[in-house]
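Please read the notes that follow alongside the sequence and the coordinates. They are set out as numbered points.

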Amino acid sequence: MKPQSDILRLAPFQAAIFDMDGTLLDTEAVFKTIVFEVCTELGFEMTDAVHMAMVGSSHERTNQLLIEAYGVAFPYTLFDERCRVSMRERTHAGVPVKQGAREFLTELRDRKIPIAVATSSRQPHAHTHLGAAGLLDLFETVVTRDDVVNPKPHPEPYLTAARRLGIDPTQCLALEDSHAGVRAAHAAGMQTVMVPDLVHPNDELRALGISVLESLDHVRLAAFTPR
């Protein structure tokens, strides 16, 4: 940890909205392994570049990316189903949580700051994984791909979460690990913090003026360390 004098201080906020995979749940590395394995099984060679483009993307965008990479013959429906089955098998004993997530969520609850999830995942996946991680009951609302017309990087998921919480988007803190998610939260007008997982901020995201912090432990310190 940095000395207290060097800690970034976040602006005050009235609500916090979290991405799920890679931000709250430590699932992106597991999913990367699955993606490479399933592609090999189907006779295609997954690359780091294609996988990185998939991180944080909706199912529709992922389908598009894979067709662009491998052609219209790519069996996306079969790929998606095999990935889901493998993920269920590997997370059967529980879903790992990112460093600092429980502590940050607990402090937000103790301070009576409403919290929500805005994810590109479908509702069954989101509720199952948050439940398996023991986090589902902590959130006032969970916005999934099934709840919006336009997925990330469109701001609709974050705007929907803010509306459900009854908080102005400009008074919300958004936590993200993906490029698409950061663009969505920033476009919604929220104070946006990127906590990198598998992907890191590029020049485009840095130009947005977002904060980049190492972990949710660091975000908690930046949010609540006295000035």
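Does K98 count as buried or exposed? At 17% relative accessibility, K98 counts as buried; here buried means under 20% relative accessible area, exposed over 50%, and partly exposed in between, with a 1.4 Å probe and protein chains only.

1. Basis. This is a predicted model, in which local features need pLDDT of at least 70 and side-chain atom pairs count only at pLDDT 80 or more, while totals for chains, interfaces and linings use all residues. Residues are numbered from 1 along each chain as its sequence is written, and side-chain values use heavy atoms, with hydrogens and water left out.

2. Salt bridge at K98. K98 pairs with D197, and the closest N and O atoms are 2.8 Å apart. The two residues are 99 apart in the chain: D197 sits in the loop between β5 (191-194) and α9 (203-207), K98 in the loop between α4 (76-90) and α5 (101-110). D197 is also buried, at 16% relative accessibility. A salt bridge is taken as a side-chain nitrogen of Lys or Arg within 4 Å of a carboxyl oxygen of Asp or Glu, and the count by this rule is 19. Helices (H or I, at least four residues) and strands (E, at least two) are DSSP runs, numbered from the N terminus.

3. D19 and K152. The side chains of D19 and K152 form a salt bridge with an N to O distance of 3.0 Å. D19 is in the loop between β1 (15-18) and α1 (28-41), and K152 is in the loop between β3 (141-143) and α7 (156-165), 133 residues apart. Both D19 and K152 are buried.

4. E60 and R145. A salt bridge joins the side chains of E60 and R145, at 2.6 Å from N to O. E60 lies in helix α3 (residues 59-70) and R145 in the loop between β3 and α7, so the pair ties together parts 85 residues apart in sequence. E60 is partly exposed, at 36% relative accessible area, whereas R145 is buried, at 9%. Through shared partners, salt bridges join E60, R122, R145 and D146 into one network.

5. Cysteines. C39 is buried, with a relative accessible area of 0%, and C83 is buried at 3%. The whole structure has zero disulfides (pairs of cysteine sulfur atoms within 2.5 Å).

6. Largest nonpolar core. A nonpolar core is a set of buried Ala, Val, Leu, Ile, Met, Phe, Trp, Tyr and Cys residues joined through side-chain atoms within 4.5 Å. The largest one has 31 residues, of which F18, L24, F104, L108, L130, F139 and V219 touch the most other members. Two or more residues come from each of β1, α5, β2 (115-118), α6, β4 (172-176) and α10 (216-224). α10 gives the most to this core, with five residues.
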